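Please work through the exercises below with the sequence and the model side by side, trying each task before turning to its solution.

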Amino acid sequence: MIPIQLRLRNFLSYGEEVEPLDFTTFKLACLSGRNGHGKSALLDAMTWAIWGEARKAGFSRTPDADLIRLDAEEMEVEFTFQLNGRDFQVHRNARRGKRAGKLEFRGKKENGNEFLVLTGSSKRETQKRIIDTLGLDYKTFINSSFLQQGKADEFTRQTPAERKEILGNILGLDYYDRLLEETKLRLNNGRAERKTIEEILAAIDQELTDENEARQEETRLTGEIGEKENVLEHLQIEEKVLREKWTALHVEKERIESLALEEKSLRQRQAELTRLVEKNHREHTEFREWIAKEETIQYQLNRFEHVNRELKRLLEVEAKYRQLENRRQAIDREIEATRARFREELAAFKSEREHLNQSLKTARLIIAQKEAIEKNYAEFKKTEAEAQRLETLRPRYEQLGKDIQRAEAVIEKERQVISEKIAELRGRTKRMESLKKEIADAQRKCERISTVESELTRLRDEIKTIEEQGQHLRGRIDQSKVERERRLQMIHENEEKISLLQRGKTQECFVCKRPLDENGVRELQKNYQTENQRYQSEAAAMDRQIAEDERQRDQLIQQYKQQKMMIAEKENESAQLRFEREALLIKEQELGQLATAQQEIEQLTRQLESESFAVSARRDADQLRKVMQELAYEPDRHQTVRVHLQSQRKNETMWERLQEESKKETQYEIRLKTVEERIAEIEHILENQDFAHAERAELALLVGSIKPLTDDLNQRQSLHDEQQKLRNAPGDWNRVQYAKERIPALEKEIAEHESRMEETRHHLLVLDERRKQLLPRLDELKETETQLQEKEAARKTLQEERDRLNLRLGGIREKCARFEQRKQEQIEKKIKREDLLRDERLYEILKNAFSRDGIPAMIVEQSLPELQEDANRILHRLTDGACSIRLESQREKKSGGVVETLDIKISDEMGTRDYEMYSGGEAFRTDLALRIALSQLLCRRAGSRLQLLVIDEGFGSQDVEGLNSIVEAINDIQDEFEKILLVTHLEELKEKFLTRIEVYKETGIGSRFTIVYTA
């Protein structure tokens, strides 16, 4: 991962408008500034953008709430980086009090500049895509490439077991964890499935014990159902006769009910006609009364219409009055608004006049100090020129000192590296003899692989032959059972035909339907009996054949089980031998490496004894010392000039202020005169009310027009009261006209209703006579209905009994069919159980291989020398060759045996001790060396997926010599990384770097940063 650009807003101490940090302009930079000004916040912003993880309070479940700026409600970070030549961009934001923020992920097209959206359907899915793209999680990152503030010992301070786990993550051993989990899952699933199969087999055995009893029950139920069918047939005939009689009587009952309904309808109509006649007489009387009041109602109607016309005229007068009154109020507002505008303008000019007077006073005070300011400025420029001259010499002087130290360190480093390499190689070659014996033993074991494989192939061919024979037997048994069932079915059909002929149910041939006499019937019965004897003989022969085939199939099943067990054993043995062969290849490779190491020891010993190393470094150191003396640069003098220059910075500011105020003095005087004149003019206008003349004239005219309209509106209330008293006159007049029209028609309706009432009375008498004639038939219907219900109840009871028997018979037959299925299932489950047992043995072998003590432990063992070599190379530079470390992956237990661990042993002039026995600067240098070595290991293992090294603080425990060693070590490894960032607040350390990102705080704004480049 190579950083390209970082944008942040309201993140920790950073505010709203923060310029983006561009990483493309440097390779190695020092991030400097005072404590608390926001150095580490820039690094936290990168990790929070990618993983949503950063520093947080101990009580916080997530860091988001602690990272938002105190006076803000929302924060966001956008981080752009390059990975494997492709640009990616992550944008994350969070709000205070909100659990879910936004997370976006984009990546550029291959060979293109357009970003493609890689964001998932959820925040969790997007985070997974980011981690999968990078190939590492937050914990692995901070334990390898990110030395966080206060966490330089994040790797070393872990327990030995945890160190080994972190190293495993860096080496990608989680792949074997996934294989182990998958193996365990399959092993557990297989065991669970086998347990389930064993339970099913037990259930099948229990179920098959009831087969004989079910067969006997089937025969008994078949006979009982036949008896029920005969009785049911007679009951159905008797029920049919009674139902026909009941139907005829029910028709008569419906006729009686119809007559009763018709009579009820006529009586209702007679009552309705009586009600209508009474209603018509009441309406006739009411209409006569309205006609008598016609003259009075006429007068009230005329007066009501006159009052309505007057009220309508007054509505028009009121509308005109409101229009004039609204205009008068609008003119009043316009005059008052004009007065307010003049007052506001006057206040603004007075405020400006006061500001101008104050600015003019300040300018004249600064101008009065002109001579002193110019003198101080001249002194500042002189000091600045001297500082620039010394600054030009400083980089060359410092570089010469670094080059001398580097040359001397190279000489000592080469000597130390060669010595340690020899010691390490000798330690490794001690294992050669024992390794040769192990290889010989493994070769003897692996010689059996071809024999076991051949035997396994033979067994698989034999079991394939057994499977084919079993399938052939199963097909023949099924075909025999079908033919046997067909014979039994034909016997059953013939017996039914013989029974029908004996009972005289039929007197014709079942095939050609030709009528038969008594001799023909006997002949036909004899033929069917002969045919049944032949079918029974054939069925018995088939039973014997089925029994023989099933016996042979049982033998094949036993052979199949034995073969499967033998195959499982051979497969287990084959898997173990293959594992031994893989281990043999690894040991042979290791033996070759040890032979190469033996040759390398001899070569390095000759080189060390002749001191034929670092020749150019010795020559370079002498030349560099001579050049430094000729440069004539004094660091103390430079520091004094730099401090003096910083104290004179205010003189430059005062000189710039003098130039600015000199230009503005005349401008202030001219503007002040203009403002005074305008203030006097506005005060005169307001005092004499010399404004809005047209509006005042229009207001006088409106007041004269409104007075006449007010008099007319005063009589509106009296007319409105009279209107309310006469509001019923139009309705009363309409009622009178309706009464005059309605009376003739109403008299005609009364006559018609009385005539219909007479007709209805006559019809009721006729219906009553017809109903009396049909009533005797109802008694006969009740008696027939009772008999029919008794027959129906008997038939239903018998049908229910028959149906229950059929249901039981169906269940018994289904159960018998299931017995056959269960027998077949029993065979298949037993075979499956044997297969699962074989798989369990194989998965147990794989589980041991994928565990931490198997293949992963071998990979860690091979990686430790590489990690140890890189860490010692860096530690030698940091300690001038005084210290070295050794990593041990196993430790002997007091109780015997060994335990997997990752102990760190440190050797110095005092001897060898555990890492935990060191503290302060010594421990920090060890932490730094291991952390950088881990980063390099991660880069090599991940194939350039990580190319960033960040070192955040932690140098306070180092002396000047220690700091120089750290800088040299970082410069030495910078070519292995695309970007290196070192964070510090130490002035003596940051000056040693050519590129600095200087962080500072501005009051009320927040943290800011600027990139400084020095020659």
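**Exercise 1. The sheet**

How many bridges join strand β1 (residues 2-9) to β2, and how do these strands run?

Solution. This is a predicted model, in which local features need pLDDT of at least 70, side-chain atom pairs count only at pLDDT 80 or more, and totals for chains, interfaces and linings use all residues. Residues are numbered from 1 along each chain as its sequence is written, and side-chain values use heavy atoms, with hydrogens and water left out.

Begin with the pair itself: β1 and β2 are joined by 2 bridges and run antiparallel, where two strands pair if DSSP finds at least two bridges between them. Helices (H or I, at least four residues) and strands (E, at least two) are DSSP runs, numbered from the N terminus. Within this pair, Gln5 stands opposite Asp22 of β2.

Next, widen the view to the open sheet, in which 6 strands follow the order β2-β1-β4-β5-β6-β7 with antiparallel pairing. Its edge strands, each of which pairs on one side only, are β2 (21-22) and β7 (115-117). Finally, helix α3 (residues 123-134) packs on the sheet and touches β4 (74-83), β5 (86-95) and β6 (102-108), contact meaning heavy atoms within 4.5 Å. The direction of α3 makes about 40 degrees with that of β6, given that axes are lines fitted to C-alpha atoms, for helices over the stretch in contact, and angles run from 0 to 180 degrees between N-to-C directions.

**Exercise 2. The nonpolar cores**

Which residues of the largest nonpolar core touch the most other members?

Solution. Start from the term: a nonpolar core is a set of buried Ala, Val, Leu, Ile, Met, Phe, Trp, Tyr and Cys residues joined through side-chain atoms within 4.5 Å. Buried means under 20% relative accessible area, exposed over 50%, and partly exposed in between, with a 1.4 Å probe and protein chains only.

The largest such core holds 48 residues, and those touching the most other members are Leu6, Leu8, Leu42, Phe79, Leu134 and Leu981. Helix α1 (residues 39-51) gives the most to this core, with 9 residues. A second, separate core has 41 residues, including Tyr176, Ala929, Leu963 and Phe977.

**Exercise 3. A glutamate in a helix**

Why does Glu384 count as buried?

Solution. Locate Glu384 in helix α9 (residues 370-429). Glu384 counts as buried because its relative accessibility is 16%. Apart from neighbours within four places in sequence, Glu384 is in contact with Leu645 and Arg649. For the protein as a whole, buried residues make up 38% of the 1015 residues.

**Exercise 4. The second largest pocket**

Which helix gives the most residues to the lining of the second largest pocket?

Solution. On a 1 Å grid over the protein atoms alone, a pocket is an open set of points with protein on both sides within 12 Å along at least five of seven lines, and lining residues have an atom within 4 Å of a point. The second largest pocket contains about 920 Å³ of space, a volume being the space filled by probe spheres set on the points, which are joined across faces, edges and corners.

Its lining has 22 residues, of which Arg215, Glu218, Arg484, Glu485 and Leu488 lie nearest the centre. At least two lining residues come from each of α7 (211-292), α11 (449-502), α12 (518-610) and α19 (777-850). The helix asked for is α11, which gives the most, with 10 residues.

Technical notes. On a 1 Å grid over the protein atoms alone, a cavity is a set of points where a 1.4 Å probe fits but cannot get out, and a pocket is an open set with protein on both sides within 12 Å along at least five of seven lines; lining residues have an atom within 4 Å of a point.
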